[in-house]
Amino acid sequence: MKQMIIRSLLDAYYHEGRYVSGALLSEQLGVTRAAISKAIQQLVVNGYPIESQKHHGYRLTKLPSQLSEPLISRSLQAEGALRFAQSVHWQPSVDSTNLVARRGADAGEPPFSLYLADEQTSGRGRRGRIWHSAAGGGVWFSLLLKPDVQPDQLASITLFAGLSMAAALRSLTALDVQLKWPNDLVVLPAGRKLGGILTETVLEENRVSAVVIGIGINITTEEFPDELNAIATSLAIESVRTGSKVPTRLDVLLACLSEFEQRWTDWLAGTVAEKSSSSQSQDLPAWIQDYRAICATLGRDVQIISASGQTLFAKAIDLSAGGDLIVRLADGTQQTISAGEVSVRGLLGYV
Ligand code: BTN
């Protein structure tokens with residue numbers, strides 16, 4: 001019943017903050033007005049900003065800070081991110097939203113399903129690392145997509161997701177959020193890591209049946225485990241440095257998902273076009289050009305470490321149409337490096 005009350009209050013909130021009468025709620029939900037009043041009191045105790053006004057009813061005075069399925073889906077709808085608004089799965093605590101999304105894929109959930117949690121007990125990073133995902137410390141979410149593409153066209157999807165997240169964070173804050181190729185969100189000038197992306201592909205008989213894109217962005221976390229303290233950051237830490245306001249988790253989520261949704265058809269079109277074009281820079285899809293403009297790796301001396309531990313020193317010079325990194329070695333020759341095959345480290349600091 002509480003979820004339905006929240007849904008009605010949110011509908012009214014997005015209709016110029018109108019009140020919902022107790023009589024209407026009791027009729028809609030088939031319960032007494034006393035039951036409605038009791039449920040509202042409990043919601044207020046739980047921190048929901050609800051105002052009661054005699055003869056008018058109830059209204060939200062602002063959006064609640066607690067994330068919930070009705071809040072996320074109604075707000076996505078208001079934001080115009082209509083595809084993601086359809087199938088929102090929010091839980092207070094899960095092992096990993098990527099794992100929940102993969103289970104969703106196995107259960108036949110539709111594309112654009114969104115899986116989120118306040119806390120992850122086994123948050124996963126790239127290369128088998130742990131992703132620290134304390135309750136309320138940031139946004140931890142996974143997107144289930146089913147693009148009609150070949151496995152070799154998927155290398156760029158993580159870069160594209162990273163670009164959408166970086167663009168969202170740049171529009172929400174005054175921070176110089178950039179991308180450490182391929183998929184780390186970093187904040188310059190210090191170049192500390194603000195977020196990361198873990199993409200997993202579900203293949204069936206060599207066909208892409210689903211893609212899960214897991215995204216973690218640190219928002220309120222102020223302290224990281226010792227081994228991460230020198231390289232990790234959050235919007236709260238950066239806001240102390242810049243004296244700016246920290247956006248809410250809902251603001252971050254909405255901005256990220258609407259950027260992603262708005263750019264999605266461009267990515268699909270660019271990925272398909274890339275198959276039939278050369279990788280000359282004038283042919284680069286628009287999204288790669290956007291990525292290039294905020295790629296902190298380009299122009300830097302980097303160390304490239306292969307899965308087998310082999311190390312190469314080079315200068316990162318450009319990106320290919322498919323999102324591979326083009327580097328120049330000390331002998332002047334160029335090499336193209338695919339995301340997923342290597343790890344890239346800056347020679348001065350994390351970027
Ligand atoms: C990385 O930079 O190593 C990738 C981090 C990805 C973290 C996100 S949080 C939501 C989703 N669920 C997970 O278990 N991991 C991703």
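Helices and strands here are DSSP runs, numbered from the N terminus, a strand having at least two residues. On that numbering, Pro189 falls in the loop between β7 and β8. The model is a predicted one.

The ligand sits in the largest pocket. Its shell holds 20 residues, of which Ser96, Gln120, Arg124, Arg126 and Lys193 come nearest. By class, the shell has 6 nonpolar, 10 polar and 4 charged residues. Elements that each supply at least two shell residues are α6 (97-106), β5 (138-145), β8 (192-204) and β9 (207-218). The largest share comes from β8, with 4 residues.

In Gln120, a side-chain N or O atom is 2.8 Å from a nitrogen atom of the ligand. Arg126 uses its backbone, where an N or O atom lies 2.7 Å from a ligand oxygen. Lys193 places a polar side-chain atom 2.6 Å from an oxygen atom of the ligand. Of the 420 Å² of accessible area that the ligand has on its own, the protein covers 99%.

Next, the backbone. Most peptide bonds are trans, and most residues other than glycine have a negative phi. The bond from Trp181 to Pro182 is cis, with omega near 0°, and Pro182 is found in the loop between β6 (176-180) and β7 (184-188). Leu188 and Pro189 are also joined by a cis peptide bond, with omega about 10°.

The loop between β8 and β9 contains Glu205 and Asn206. Phi is positive in both, near 50° for Glu205 and near 65° for Asn206. Glu205 counts as exposed because its relative accessibility is 84%, and Asn206 is exposed at 61%.

Methods: Residues are numbered from 1 along each chain as its sequence is written. This is a predicted model: local features need pLDDT of at least 70, side-chain atom pairs count only at pLDDT 80 or more; totals for chains, interfaces and linings use all residues. Side-chain values use heavy atoms; hydrogens and water are left out. A residue is near a molecule or strand if one of its heavy atoms lies within 4 Å of it. A polar contact is a pair of N or O atoms within 3.5 Å; within protein, one must be able to donate a hydrogen and the other to accept it, and residues adjacent in sequence count only if both atoms are side-chain atoms. Accessible areas come from the Shrake-Rupley method with a 1.4 Å probe; for residues, only the protein chains shown count as cover. On a 1 Å grid over the protein atoms alone, a cavity is a set of points where a 1.4 Å probe fits but cannot get out, and a pocket is an open set with protein on both sides within 12 Å along at least five of seven lines; lining residues have an atom within 4 Å of a point. A molecule sits in a cavity or pocket if more than half of its atoms lie within 2 Å of its grid points. Ala, Val, Leu, Ile, Met, Phe, Trp, Tyr, Cys and Pro count as nonpolar, Asp, Glu, Lys and Arg as charged, and the others, Gly among them, as polar. Buried means under 20% relative accessible area, exposed over 50%, partly exposed in between (1.4 Å probe, protein chains only).
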